[in-house]
Amino acid sequence: MFESAFAQLRYAASVLFAVPFDLRSLDRLVDGILATKQEFGSLGADSAEFLGGPELDEETRRDVQIRRFRKQAVRAAEETDYYSSQFTTLGVDPSRLTFEDIARIPVTPKKALLNNPDAFVRRGSNPAFRTTTTGTTGKPTSVYFTAREIQATGLLAAISFLQSGQITPEDIVQISTSSRATLGNTCFSQAVQRIGAVWYQTGLVDPAQALALLSESHHLPGKKNRASFLNTYASYLGELVECGLNSGYSPKDFGVDHISVGGEIVTEGLKRRCRKLFGSVEFIQSYAMTETWPFGATFCEEGHLHFEPSQGLLEIVDPDTAQPGKPGQTGTMVVTPFAPYREASVVLRYDTEDLVQPVFGPLGCSLKHWTATTDLLGKLRLAIRTANGWVYPRQIREALESLEEVPLPARCGFWAIEGGVAVEVAVRKIDSSIRNRIGQSLEERGVPVCELYLEEDPSQLQHQLPLRCDLREILFERSVIKL
Ligand SMILES: [Zn+2]
């Protein structure tokens, strides 16, 4: 047993960076944190510093990253079909790569993994779990994981939630994500039950049913008396807010204190309107995707996305040249998760197609030692480049969801026209004042809107952006259950 939470978390940091994952050590660590929490009530202020990994100066960071990149590149070249042929063609020795050489390796496009996921699996790795993306934007992509990767990720998530106090054994957790999102659902639910909290999966059912479950009273020994943690997508949260306020729900009907929301662009308007329904909840935002799991980003208090540099390499590349972008330039995130993560499927320089801008220091936020970007601006293929610069899905969504006259989630589309963009959006009621307010809100966010089309019936929209809430799961009964 450890002497203090401080020591436990220092130990956690060492475990996180050891190779290979030691499941028993991670499991003992969860027990240790739970015991400390039970005895002292909290883990203390020291704890927050450790689970994020060591603070690295620039020279050390580059050294750690190139060594880990080389190791992953050697495994990829020697043990996967996709990269062995690529390195042969390139004539590059992966064990001698320098930082400058990394850009010589072609980015791995989504379609390569989509078309042949088996070619990315390491020989001898014993994959146990095939997960797929939910396919909001097309045919699902598959990625393979070992059983140990999944167990380790669940334990690491449990440690992280306990350390932050975001999920504790008293919590009741509602997971309102697609039931087909098996990677996130599996790792998250394993973390929750390892903590000793209760979880249940609703899927993306009729929002009225999800709200009924959230407001249900419970009398479970040692637990809160209502669902206290909600894990969902931005668009489905928007549907819950819209349905809940229209149905007369108010904060007194719920006990939710944390909402983990992601998978899509999360707007300030959504969060503000969400508090009308659920009260003063804390939002947890992060960035992760199946193809590069578990290397992802944490959202800091100043709104940056931060990537822990010893867990993977983030590059922001020019979408035109696939070469490293210039400072301040918008680019797509290209991601390489390092060992010990990714025992089964290996990806090098995976093109996420997600647009961001790099953020340079000196920063004053709590994660200032990690690589920083702006929040997501949207998918490259959904963004539009005009003569005067980019127009991003984020600008459109922020502008629209800030307005009460636009139902949540904002159902909208935009496309290039002469001089700027045309925007279409579903509104509650069409009149001249809402037209003016939407136009003004778009212009305030720098959208060069030249044509604006309003519809009261969302099915009339011609270019609607995809939303995860439309991966709707049906119920056996036509009517919503009464609780
Ligand atoms: Zn920050």
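Colleague: Before we start, what should I keep in mind about the model and the numbering?
Modeller: This is a predicted model, in which local features need pLDDT of at least 70 and side-chain atom pairs count only at pLDDT 80 or more, while totals for chains, interfaces and linings use all residues. Residues are numbered from 1 along each chain as its sequence is written.

Colleague: How is the protein chain divided into domains?
Modeller: There is domain 1 (58–145 + 295–379) and domain 2 (392–466), with bounds that come from an automatic or database domain assignment. The C-alpha centres of domain 1 and domain 2 lie 34 Å apart.

Colleague: And how many residues does the contact take from each domain?
Modeller: Seven residues come from domain 1 and four residues from domain 2, where contact is defined by C-beta atoms, placed from the backbone, lying within 7 Å.

Colleague: Changing topic, in what order do the strands of the open sheet with β14 run?
Modeller: The order is β8-β9-β10-β14, four strands with antiparallel pairing; the edge strands, β8 (286–287) and β14 (371–373), each pair on one side only. Strands here are DSSP runs (E, at least two residues; helices are H or I, at least four), numbered from the N terminus, and two strands pair if DSSP finds at least two bridges between them.

Colleague: How many bridges join β10 to β14?
Modeller: Three bridges join β10 (residues 305–307) to β14, and the two run antiparallel; Leu 305 stands opposite Thr 373 in β14.

Colleague: What about β13, is that strand mostly covered or mostly open?
Modeller: Strand β13 (residues 350–356) is mostly covered, with five of its seven residues buried; a residue is buried if 20 or more other C-beta atoms lie within 10 Å of its own, exposed if 12 or fewer, and partly exposed in between, with C-beta atoms placed from the backbone.

Colleague: Which strands does β13 bridge to?
Modeller: Four bridges join β13 to β12 (residues 331–337), running antiparallel, and Val 334 has Asp 351 in β13 as its bridge partner. Two bridges join β13 to β15 (residues 378–379), also antiparallel, with Lys 379 in β15 as the bridge partner of Asp 354.

Colleague: Last one, where is Thr 133, and why does Thr 133 count as buried?
Modeller: Thr 133 is found in the loop between β1 (129–132) and β2 (142–145), and it counts as buried because it has 22 C-beta neighbours inside 10 Å. Not counting residues up to four places away in sequence, Thr 133 touches Pro 140, Thr 141 and Thr 290.

Key. Two residues are in contact if their C-beta atoms, placed from the backbone, lie within 7 Å.
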